[in-house]
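I opened the notebook to look up a few local features. The entries below follow the order in which I checked them.

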Amino acid sequence: MCGIVGAVTSRQAQAILLAGLHRLEYRGYDSAGMAIVGENGIERRRTVGNVQELDDALMAAPLAGVTGIAHTRWATHGVPAVSNAHPHVAGDGRIALVHNGIIENYERLREELKQGGCRFESDTDSEVIAHLLDECLRRNPEMELRDAVREAARRLEGAFALAVISANDPSRIVAMRVGSPLVVGLGIGENFVASDVPALRPVTDRFLILEEGDLVELTAAGITVWDFQDETAVRTTLRITTDTGDADRGNYRHYMHKEIHEQPQTVRDALEGRVGRARVLEPAFGVNASAVLDGTRAVTIAACGTSYYTGCVARYWIEELAGIPCNVEIASEFRYRKFVVPDGSLFVTISQSGETADTLAALRIAQETGFEHSLTLCNVPVSSLVRESELAFMLHAGTEVAVASTKATTAQFVALMLLTILLARRAGLTAEREAELVAALRQLPEVVAQALALEPRIRALAEQFMDCHHALFLGRGLQYPVALEGALKLKEISYIHAEGYPAGELKHGPLALVDDDMPVVAVAPGNELVEKVRANLEEVRSRSGRLYVFADADSGIVEGEGVTVVEVPRVHELLAPIVYTIPLQLLAYHTAVLKGTDADRPRNLAKSVTVE
Ligand code: M6R
């Protein structure tokens, strides 16, 4: 997705900006650009394709100057093209701007600006901001750039991080964040801004993390931050010495453990720039997302393993909220069976790696057999699924090293809920209901952190699982796929045979397995199905089964002889699968650690299954 780098220094800025852009490549992008303010005002270079293309263009025609901004763009409004690449300029080239995020009300602003005589060079929402700034400065030539940014920002709806330079003052960059990340890098006699810490690690290890609504002015000599109320603000400086944050285990014994604990942040990252105050921002799914979603009458999801289970949860969401059929397919089955393509079908693949051979084959078959459109929800921008799908939504979970998927899974859930809301909007989802779901999504990182705080309790429970040979996982409705996922996690890394079942199926077979040796795990939030689940749990209890129930305070399920209850934090009913997945990840992890299996690299399994 889009990336920002800015530098105000006393040496040539070009090399710093280019190095930063190269380090942002992992986020995925389709074009890149740079603007530097030098003796002749602002000059820029923009190219489509790899940052290397920009590198080559700059090699042929370097940009001189000590203050500049640069950008990698992932198209949301307007196709990948040089004219749509950032930086965008306005005021006869006296202002240049880079922007991450989505401006929801850009069409209205664009019309207003056009009526005022403004000419647009691109199809982007971002260019609107450059012209708004220019309009402010024309109206009031004495206005400081930072005041113009503040004033323009007041008119913007959506999520954004931006950085601006002006030919009138080559000694500063003004940047602001609302709903999209932005960090300031502190140097000695130079300062930097970027959307992401890794972009600036070659030039500094001192960072200032901006807060929501912060506006910052950077000069080579110092920085000043103003908060949302326009009061000067002090932000804590952090020393970050790791390089990418992904590549090392830090103080964790296993990557899996680290990745489980990263989930409050990765859930936040999956949402960042994709939701406004009360709405999901549609272009987050790509340039043609609106047209594709307008025509969507049915959804088919294809995926493997954990990604398939997240898709199974989405079926409940999509059919309930959007009221259209949603079919979820195991990719390795789908590719070899005859199927009917419902009219107006959107084919959705879900994949952490983007390279899973069966999922990729399913996509190719879908494209040949009449599915009109395709979308992938993927964590690796430079992957085959992203390349070959019409629309792509990046999960932003960061590199997942452990074979067992954890943080990519919760990011997939977030992506699927955002997709559901967009489809549901077309089916009459009210603005109030959408705002309620967006508010619940915004609270999710905090609830996930509360779920992680259950770890000591779960570590102790794992001692009761480590010597088991089998385990059953039960859930109903939205929690049934969570039970499947919990069983997969446990078997995958601890080698304990585990099965997930819809709790209502118990008496149709698996109940025969239950005895005092068999742990039965149930996921049972206090929703409309909880009474049914309680009845199923009684069936287990009366056969001396050992019950471990993950439930919230509303479930009414209490501990007793043979029944252990772990109280999971309350969360919006529809988002419960995301939160209940977390304790099951921890249970699998701690069981594996106690058993002494390799939690990161379980036997016989690979992180990216590129063969059939
Ligand atoms: O990369 P993908 O999401 O396409 O991978 C699909 C499965 O191979 C994967 O989810 C697998 O089941 C994991 N090891 C589960 O933890």
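Where is the place of P87? I found P87 in the loop between β4 (67-73) and β5 (88-90). Strands (E, at least two residues) and helices (H or I, at least four) are DSSP runs, numbered from the N terminus. Most peptide bonds are trans.

A note on the source. This is a predicted model, in which local features need pLDDT of at least 70 and side-chain atom pairs count only at pLDDT 80 or more, while totals for chains, interfaces and linings use all residues. Residues are numbered from 1 along each chain as its sequence is written, and side-chain values use heavy atoms, with hydrogens and water left out.

**Positive phi**

I checked Y495 next. Y495 is not a glycine, yet its phi is positive, about 65 degrees. Y495 sits in the loop between α16 and β22 (497-502). At 26% relative accessibility, Y495 is partly exposed. Here buried means under 20% relative accessible area, exposed over 50%, and partly exposed in between (1.4 Å probe, protein chains only).

S544 also went into the notebook. S544 has a positive phi of about 65 degrees and is not a glycine. I located S544 in the loop between α17 and β24 (546-551). With a relative accessible area of 47%, S544 is partly exposed. Most residues other than glycine have a negative phi.

**Cysteines**

How many disulfides does the structure hold? I found 0 disulfides, a disulfide being a pair of cysteine sulfur atoms within 2.5 Å. C326 is in no disulfide either: the nearest cysteine sulfur, that of C312, is 9.0 Å away. C118 is buried at 18% relative accessibility. C326 is buried at 5%.

**Two single residues**

Is L21 buried or exposed? L21 is buried, at 0% relative accessibility. I placed L21 in helix α1 (residues 13-23). L21 and A70 are 49 residues apart in sequence, and their C-alpha atoms are 7.2 Å apart in space. Leaving out residues up to four places away in sequence, L21 touches V5, G33, V51, L54, A70, H71 and T72. Contact means heavy atoms within 4.5 Å.

E539 lies in helix α17 (residues 530-541). E539 is buried, with a relative accessible area of 15%. Beyond residues up to four places away in sequence, E539 touches L506, K507 and L511.

**Helices against α18**

I looked at α16 (residues 479-494) and α18 (residues 576-595). Their axes come within 9 Å and cross at roughly 20 degrees. Axes are lines fitted to C-alpha atoms, for helices over the stretch in contact, and angles run from 0 to 180 degrees between N-to-C directions. α16 is therefore roughly parallel to α18. Angles under 35 degrees count as roughly parallel, over 145 as roughly antiparallel, 65 to 115 as roughly perpendicular and the rest as oblique.

Then I turned to α15 (residues 455-462). α15 and α18 pack at about 50 degrees, with axes 8 Å apart. That makes α15 oblique to α18. E455, I458, R459, L461 and A462 of α15 meet P583, L586, L587, H590, T591 and L594 of α18.
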